[in-house]
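Please open the model in a viewer and keep the selection panel at hand.

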Amino acid sequence: MNKNYYITTPIYYPSAKPHMGHAYSSIIADFLARFKRIDGFNVYFLTGTDEHGLKIQRAAENDNVDTLKFCDKISQTFKDLSKTLNLTNTDFIRTTEKRHKDSVQHLWKELVKNEDIYLSKYSGWYSVSDEAFYNEDEIFEENGVKIAKISKSPVEWMDEESFFFRLSKWQEPLLKFYNENPNFIQPESRKNEVISFVKSGLKDLSVSRKSFSWGIKVPNNDKHVIYVWLDALTNYISALNYPNTNNDLFKKFWPASIHLIGKDILRFHAIYWPAFLMAAKIELPKRVYGHGWILSGDEKMSKSKGNILDPIEIINKYGLDPLRYYLVKEVSFGNDGNISQEKLEDCINSDLANNYGNLCQRTISFAVKNCSQKIPKKINFNNEDLKILDSFTSNIDKIRAEIDKQNINFYIEFIINALFATNKYFNDQEPWKKKDDEIRLNTIVYTTLEMIRKITFMLYPIIPDTSLKVLKIFDLKDKDIVFSSISKHDFLKLDSDINPIDILFKKIEKKDD
Ligand code: MSP
């Protein structure tokens with residue numbers, strides 16, 4: 001079995017500082033990367049910034065600074081955000097790096113060699129904000145301004161000499177590929193949109209620009225720069241040292257296991273990227289997953305709409321793990337999700353402080369008082385103990401399979417159910433009434449602690465810092481977190497010390513409480 005896993009986030013435009021939508025893509029990718037690691041995979045996790053194109057050039061001009069200096073500064077804020085979000089990315093790529101430029105120019109030459117590029121003239125609509133071309137039927141007019149229907153961003157007329165990629169030639173091979181690889185595009189609903197777009201007919205794609213210079217030069221023609229999407233998509237292989245396909249990284253991690261992206265950039269990843277790769281005779285990624293948007297007041301968060309929730313402000317106020325947990329739980333993965341501070345506070349109070357935090361605290365205080373602060377050693381499981389412990393054992397393969405479908409909703413629901421079940425178990429078993437039955441009392445405590453340990457292992461990819469705090473109870477560290485061990489009932493060492501921990505989540509006082 002292939003135990004290598006390569007996951008990527010989109011590379012972000014450093015045109016403005018990061019917002020919650022960016023944090024969302026990265027946190028989900030980090031969750032999947034951490035899960036795969038604790039399940040024994042070698043994980044390569046890539047993120048970075050997409051720094052070329054007219055959008056960035058104009059943003060720098062607006063600020064009156066040199067374009068590269070502008071990129072250096074904002075790219076750094078994305079890098080800092082990766083640290084703040086506690087991402088475990090293996091690499092952070094910038095498209096202004098030499099390794100990337102070399103890789104893009106090589107890919108271009110491969111496309112030329114295979115006769116997939118020709119020189120012509122582009123006349124049509126272009127959105128600088130999306131860095132995308134639109135057909136006449138994809139735009140509408142509002143107050144005299146032409147706007148792209150799909151993104152609502154303004155378009156401008158472009159009329160210039162341009163190199164073209166023979167996208168039309170790849171229409172049938174793409175359809176064949178989608179057919180043979182039904183899980184390539186996910187979720188299912190979005191796959192159908194892509195397929196009908198391809199079926200409606202693909203036109204050749206303009207892949208160079210002549211009217212500005214901020215980009216990677218077309219080899220042997222430095223009047224043109226390479227279209228920013230052809231440039232940006234290539235990051236996924238430049239990070240693996242393409243064109244050197246004989247190196248360890250490329251051999252181990254290509255094709256990518258998953259490109260995790262937002263639904264707005266699915267066309268680029270599910271049509272253009274595979275077509276470029278086919279043309280260059282490179283294997284295609286295994287999956288492209290287009291997640292939904294984080295909405296604020298029912299609208300996509302964006303700079304132009306002024307409805308941006310700043311992840312840093314939220315983290316400063318509530319802490320990182322509550323935000324990570326909230327985004328994973330609240331937004332039904334694959335769909336759009338509306339987020340608000342009020343709902344975040346409810347989630348902290350009910351899920352984190354009550355269901356998880358209280359369970360840990362009261363079980364430990366009980367064990368400190370009644371089991372000499374040790375993991376009980378004389379135990380004897382009855383059917384009820386085994387039933388709750390087995391809920392993990394019998395679901396381990398299911399959890400893995402659902403994660404491989406990016407069914408994050410299943411994962412989080414499983415945890416929430418396990419928390420409810422464990423709280424109920426502790427209440428129903430009433431260990432405080434078993435003070436004259438030492439073995440029963442010990443067994444209830446041991447079972448509850450094992451459940452806390454299993455739940456915490458599963459929570460680790462979502463709330464890593466808090467999970468590690470909880471695992472200190474048992475003297476466990478991150479290297480001890482092995483997913484397969486959630487099937488064990490005897491993981492905790494009998495008679496070892498229980499270390500008390502501080503309160504995990506403070507409840508938030510709400511005005512109407
Ligand atoms: N630079 C391109 C991606 C190139 S990948 C080869 C780009 N950058 S972006 O900064 O505009 O967006 C990056 C990602 O953030 C996209 O996946 C986009 O869907 C996501 N989000 C931006 N706003 C979002 C929300 N409000 N909600 C969720 N994700 C959204 O596109």
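A residue is called buried under 20% relative accessible area, exposed over 50%, and partly exposed in between, with a 1.4 Å probe and protein chains only. The model is predicted, and local features need pLDDT of at least 70, side-chain atom pairs count only at pLDDT 80 or more, while totals for chains, interfaces and linings use all residues. Residues are numbered from 1 along each chain as its sequence is written, and side-chain values use heavy atoms, with hydrogens and water left out.

**First stop: Glu161**

Select Glu161, which counts as partly exposed at 30% relative accessibility. Glu161 belongs to strand β8, residues 156-165; strands (E, at least two residues) and helices (H or I, at least four) are DSSP runs numbered from the N terminus. Apart from neighbours within four places in sequence, Glu161 is in contact with Leu119, Ser120, Lys121, Lys210 and His224, where contact means heavy atoms within 4.5 Å.

Next, display the side chains of Lys210 and His224. The Glu161 side chain makes a polar contact with the side chain of Lys210 at 3.2 Å and another with the side chain of His224 at 2.9 Å. A polar contact is a pair of N or O atoms within 3.5 Å; within protein, one must be able to donate a hydrogen and the other to accept it, and residues adjacent in sequence count only if both atoms are side-chain atoms. For a sense of distance, select Ile185: Glu161 and Ile185 are 24 residues apart in sequence and 33 Å apart in space, C-alpha to C-alpha.

**Second stop: the two domains**

Colour domain 1 (4-116 + 169-200 + 229-338) and domain 2 (341-487) separately; these bounds come from an automatic or database domain assignment. Over C-alpha atoms, the domain centres are 35 Å apart. The contact takes 29 residues from domain 1 and 31 residues from domain 2.

About 3,000 Å² is buried between domain 1 and domain 2, with carbon and sulfur atoms giving 64%. Buried area is the accessible area (1.4 Å probe) that two parts lose on being put together, summed over both. Select Phe35, Ile38 and Tyr325: in domain 1 they lose the most area to domain 2, together 25% of what that side buries.

Four salt bridges are counted between domain 1 and domain 2, a salt bridge being a side-chain nitrogen of Lys or Arg within 4 Å of a carboxyl oxygen of Asp or Glu. Select Asp39 and Arg400, a salt bridge whose closest N and O atoms are 2.8 Å apart. On the side of domain 1 that touches domain 2, α1 (20-38), α11 (311-318) and α12 (320-330) each supply at least two residues. The largest share of that side, nine residues, comes from α12.

Now select Lys36 and Asp404, whose side chains meet in a salt bridge at 2.8 Å, N to O. This pair links distant parts of the chain, as Lys36 lies in helix α1 and Asp404 in helix α15 (residues 396-404), 368 residues apart. Lys36 is buried at 3% relative accessible area, whereas Asp404 is partly exposed at 38%.

Finally, select Arg453 and Glu450, which form a salt bridge with closest N and O atoms 2.8 Å apart. Both lie in helix α17 (residues 438-459), three residues apart, about one turn of the helix. Both Arg453 and Glu450 are buried.
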